[in-house]
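Please look first at the chain as a whole and then at a few of its local details.

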Amino acid sequence: RTNRAGGGNTEARVGRRDRSVVSKSKFNSKNYTSVSQSVTDERTLAQGVDSSWRFLVFADIHGMTSFSWGDLKHNKNTKHWTEQLRVLNHINKNWGGDLVVLPGDVASYGGVRLEDLMDKLGGDLSPEDAVYQAGRNCFNGTREIFKHAGYDTLIATVGDHEIGGNEGFRPFGKKSKLHTLPNARLAFGDGFNRNSEDEFLFQQPLFGNIPSRPLGTPYENTTFAHVHKNALFVTVDAFELVGDGKSDYIDLEKGFGGEGAVTCTVDGDGQHIDWFENILRGGSNDPSVNHIIVSAHLPIIQPARKVKCSGQFLDGGEGSDFWRLMNEFNVDLYLAGEVHANTATKTRYPDSDLIQIISRGNRFNNFLTVDIDNDVIEVKIYNEYGDLPRWNAQYEEAGIVTIDKTSFVTDISSSGMLELLEVDSEIISFDFEEIQPMGMTQVLGLRSLEGLIATNITIRGTRCEGSIPNMGTFGAQYNAQVGNIALVEGRNGGHAAKFDFESRMGIYGIGPFGAGEP
């Protein structure tokens with residue numbers, strides 16, 4: 001591994017897929033510093049030059065829940081509709097895209113009591129029908145608002161919160177909705193993946209006679225594959241009810257479960273994982289498929305940055321069959337969400353160039369563009385800026401990953417928010433050499449009522465306005481927020497921090513960073 005100019009990482013590895021067509025990248029990987037510098041070039045790319053095309057990624061939007069309580073006519077007259085449509089129109093105008101990938105959690109039902117959900121819909125529906133109707137309203141509304149903005153094709157992935165996650169996965173409790181899990185899953189599939197004639201939108205068999213979805217399983221409406229131009233997309237529902245669902249499931253030794261009676265896995269259902277293997281084998285052997293992209297809600301490689309989330313990861317992680325198959329069959333990108341922060345990591349499997357990208361799309365705060373050529377994938381992340389706490393409709397490029405397969409040696413380069421994380425590196429480290437104003441550097445998710453970037457925070461009753469930079473590889477997202485700390489002369493040169501009973505130091509980003517580990 002070497003460093004290129006600009007501080008990014010680059011890696012070269014011999015690829016395994018034999019490619020008969022070799023072409024140079026048509027993408028300009030120059031790092032633009034503002035939208036105004038890049039709009040013309042970005043829009044040209046989106047329109048497609050030769051074989052190039054683009055799709056967008058919005059993970060964990062969490063902004064569509066309000067659509068659950070009314071029909072489309074009602075929703076179109078709400079502030080959530082008009083403001084989010086304004087932002088999406090801006091994104092489509094400037095970045096275009098053939099389709100959109102949603103890696104889960106467009107809505108949040110986990111913290112909603114079942115009785116409240118029923119009341120919001122008039123109180124006349126059964127719990128099962130109310131969960132289904134709320135989901136249909138929400139997911140139909142989500143499809144419609146993207147369609148209004150010019151995006152007709154959505155590849156949507158099930159997240160925990162769309163099917164009642166967290167408290168809703170508990171067998172008992174005030175917010176339990178476990179018995180309505182089939183209704184929530186059906187609402188997701190019907191809302192996102194069926195047309196007005198009740199036909200499944202991604203029904204076409206692939207690679208001969210392989211069904212586009214795992215028929216006969218609980219996931220037949222929420223897991224599917226779709227080929228667009230030269231790329232195979234596979235979106236996977238990775239939430240499984242354990243046993244009869246009458247008790248919580250947790251395996252502390254392995255780090256499995258912990259989310260009530262639902263666990264995060266694809267390995268458990270044999271038909272599900274077998275279908276996944278067949279689809280990947282078919283795509284890997286098809287000469288018309290240059291790239292394979294898989295999306296599921298859950299991160300697999302740890303560590304990963306986290307912000308205000310439940311911090312779920314796939315059971316078994318890198319040791320799961322799900323991950324093994326992606327590496328064996330030359331998957332290029334694994335797109336995930338869940339943790340509300342951005343981390344790009346390369347697989348540790350030998351002879352594989354698979355990249356996991358976990359991204360943040362909360363209230364359209366961030367999004368990804370993915371540009372595709374015959375032999376090149378270029379992923380860029382855009383970060384919101386502006387004076388408002390949300391919906392500014394202003395973005396600047398904040399990071400890039402490029403996978404270049406134009407030769408038999410795959411070249412991977414990265415920088416900014418998408419710089420590939422060294423998984424064994426020191427992720428959090430403080431040298432206490434300086435205390436900066438808190439508002440000097442953005443910590444995603446840490447905002448005030450007035451703006452995107454907080455200038456102060458209260459920690460245990462003390463107003464804190466300072467920030468100590470994180471020197472570890474998790475970077476500024478894990479800066480420490482501090483108050484009443486003095487920098488003094490250190491024992492070994494440089495500075496040290498002096499604490500007293502009124503001192504405060506906290507990190508907005510959360511852990512833990514490993515499953516089933518002491």
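What follows moves from totals for the chain to helix packing, then to one strand residue and some backbone details.

The model is a predicted one, in which local features need pLDDT of at least 70 and side-chain atom pairs count only at pLDDT 80 or more, while totals for chains, interfaces and linings use all residues. Residues are numbered from 1 along each chain as its sequence is written, and side-chain values use heavy atoms, with hydrogens and water left out.

The chain has eight helices and 27 strands, where helices (H or I, at least four residues) and strands (E, at least two) are DSSP runs numbered from the N terminus. Of the 518 residues in the chain, 56% are buried; buried stands for under 20% relative accessible area, exposed for over 50%, and partly exposed for what lies in between, with a 1.4 Å probe and protein chains only. Among contacts in the chain with a separation of 6 or more, 70% are between residues 24 or more positions apart, a contact being heavy atoms within 4.5 Å.

Two packed helices are described by the angle between their axes and the distance between the axes. Here axes are lines fitted to C-alpha atoms, for helices over the stretch in contact, and angles run from 0 to 180 degrees between N-to-C directions. Helix α5 (residues 127–148) packs against helix α6 (residues 181–193) at an angle of about 25°, with the axes 8 Å apart. The two helices α5 and α6 are therefore roughly parallel to each other, given that angles under 35 degrees count as roughly parallel, over 145 as roughly antiparallel, 65 to 115 as roughly perpendicular and the rest as oblique. The crossing of α5 and α6 is right-handed, a term used if the near helix is turned clockwise from the far one by less than a right angle, and left-handed if anticlockwise. On the α5 side the contact includes Y132 and F139, and on the α6 side it includes F188 and F192.

Helix α5 also meets helix α3 (residues 79–95), whose axis comes within 9 Å of that of α5 and crosses it at roughly 45°. That angle makes α3 oblique to α5, and this crossing is right-handed. W81, Q84, L85, L88 and N89 of α3 make the contact with G141, E144, I145, F146 and H148 of α5.

Among the strands, β18 (residues 395–404) holds V401, which is buried with a relative accessible area of 1%. The C-alpha atoms of V401 and S414 are separated by 4.3 Å, although the two residues are 13 residues apart along the chain. Leaving aside neighbours within four places in sequence, the contacts of V401 include A344, I377, V379 and L420.

Finally, consider the backbone. Most residues other than glycine have a negative phi, and most peptide bonds are trans. A cis peptide bond, with omega about 5°, joins Q302 and P303, and P303 lies in the loop between β12 (291–295) and α8 (321–328). H340, in the loop between β13 (333–336) and β14 (343–346), has a positive phi near 60° and is buried, with a relative accessible area of 7%. N484 has a positive phi of about 55° and is partly exposed, with a relative accessible area of 46%.
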